[in-house]
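Keep the sequence and the model open side by side while reading.

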Amino acid sequence: MDIQTKKFAVLIDADNSSISAIPSVLEEVAKYGIASVKRVYGDWSSDTLKNWREVLLPYAITPVQQFAYTKGKDATDMILIIDAMDLLYGGALDGFCIVSSDSDFTPLASRIRENGLTVYGFGKKATPEAFKKACDKFIFIENLEDPELKSPEDDVHHVASKNIVEVEKTIEPLIPNSPRESINNEIIDRATLNLIYKAVKENADANGWASLGMVGQYISAVKPDFDPRNYGRAKLSGLIKTLNLFETKIEMSQMYLKKMKKG
């Protein structure tokens, strides 16, 4: 099925989501398919949620009322989960987009994926790891609300200019006898760099070239919250160019990369 025709349910936990992020979240969802169901859950009798009306009508989001019967208990979570299961068994969707920073939705995300559907999570960077890992892909709302990102070509040669750290110790377990490598410590963390190296190694052909698409899929499978925007780049291709650690080429409109030889 073409990615543009995939149907998603966008379920928003009003108690644990940012109102200002909703327009950007829906724009992000549009990259993956159609938001055929859009619902937001909360106790609308509460003054703390009164500002949500600003996004409900313009974006055709259906509010679902759930009274807080017991103080300190989040009844909103329960009604969202019940709705999600009803939609799941309805069989008309290809995936779910859960907008929340609450780890209570971890079992829900896992259950949906067990049925073969895709789960995209949207939440703050402080979202517990359990929920992030339970999703196929987790997107930080801080990235969606950031100002316009730099273009992929910006500061390509800035990598080696300052704040250089050695990372050969972290790379060597994955690539024995690898030459010394260095990157800008402000651009990417060592663990993620190692993951990129491993993704290239696992998907490389006999000549060491790996498809950028396959590399991206591998990274997302291992680290669902990976996003080039975490490192100031809009796309993975831009991040790869910025690191200046890989050779790249374009074949049939597809980008390929391999570890750059030193010497």
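Leaving aside residues up to four places away in sequence, phenylalanine 105 touches Asp13, Asp77, Leu80, Ile81, Ile98, Ser100 and Phe131, where contact means heavy atoms within 4.5 Å. The model is a predicted one, in which local features need pLDDT of at least 70, side-chain atom pairs count only at pLDDT 80 or more, and totals for chains, interfaces and linings use all residues. Residues are numbered from 1 along each chain as its sequence is written, and side-chain values use heavy atoms, with hydrogens and water left out.

Phenylalanine 105 lies in the loop between β4 (95-99) and α4 (106-114). Helices (H or I, at least four residues) and strands (E, at least two) are DSSP runs, numbered from the N terminus. The relative accessibility of phenylalanine 105 is 0%, so the residue counts as buried. Buried means under 20% relative accessible area, exposed over 50%, and partly exposed in between, with a 1.4 Å probe and protein chains only. From phenylalanine 105 to lysine 132 the C-alpha distance is 9.9 Å, and the two are 27 residues apart in sequence.

Threonine 76 sits in helix α3 (residues 75-90) and, at 3% relative accessibility, counts as buried. Not counting residues up to four places away in sequence, threonine 76 touches Asp13, Asp15, Tyr41, Gly42, Asp43 and Gln66. Its C-alpha atom is separated by 8.4 Å from that of alanine 14, 62 residues apart along the chain.

For the protein as a whole, the secondary structure comes to ten helices and eleven strands. Of the 263 residues, 46% are buried. Among contacts between residues at least 6 apart in sequence, 60% join residues at least 24 apart.

Next comes a pair of helices. Two packed helices are described by the angle between their axes and the distance between the axes. For helix α8 (residues 190-203) and helix α9 (residues 212-222), the axes come within 9 Å and cross at roughly 125 degrees. Here axes are lines fitted to C-alpha atoms, for helices over the stretch in contact, and angles run from 0 to 180 degrees between N-to-C directions. α8 and α9 are therefore oblique to each other; angles under 35 degrees count as roughly parallel, over 145 as roughly antiparallel, 65 to 115 as roughly perpendicular and the rest as oblique. On the α8 side the contact includes Leu195, Ile196 and Val200, and on the α9 side Met214, Tyr218 and Ile219 are among the residues met.

Two strands pair if DSSP finds at least two bridges between them, and β9 pairs with strand β11 (residues 254-259) over two bridges. In this pairing, alanine 210 is opposite leucine 257 in β11.

The loop between β10 and β11 holds methionine 252 and serine 253. Most residues other than glycine have a negative phi. Methionine 252 has a positive phi, near 50 degrees, and serine 253 has a positive phi near 65 degrees. Methionine 252 counts as exposed at 79% relative accessibility, and serine 253 counts as exposed at 70%.
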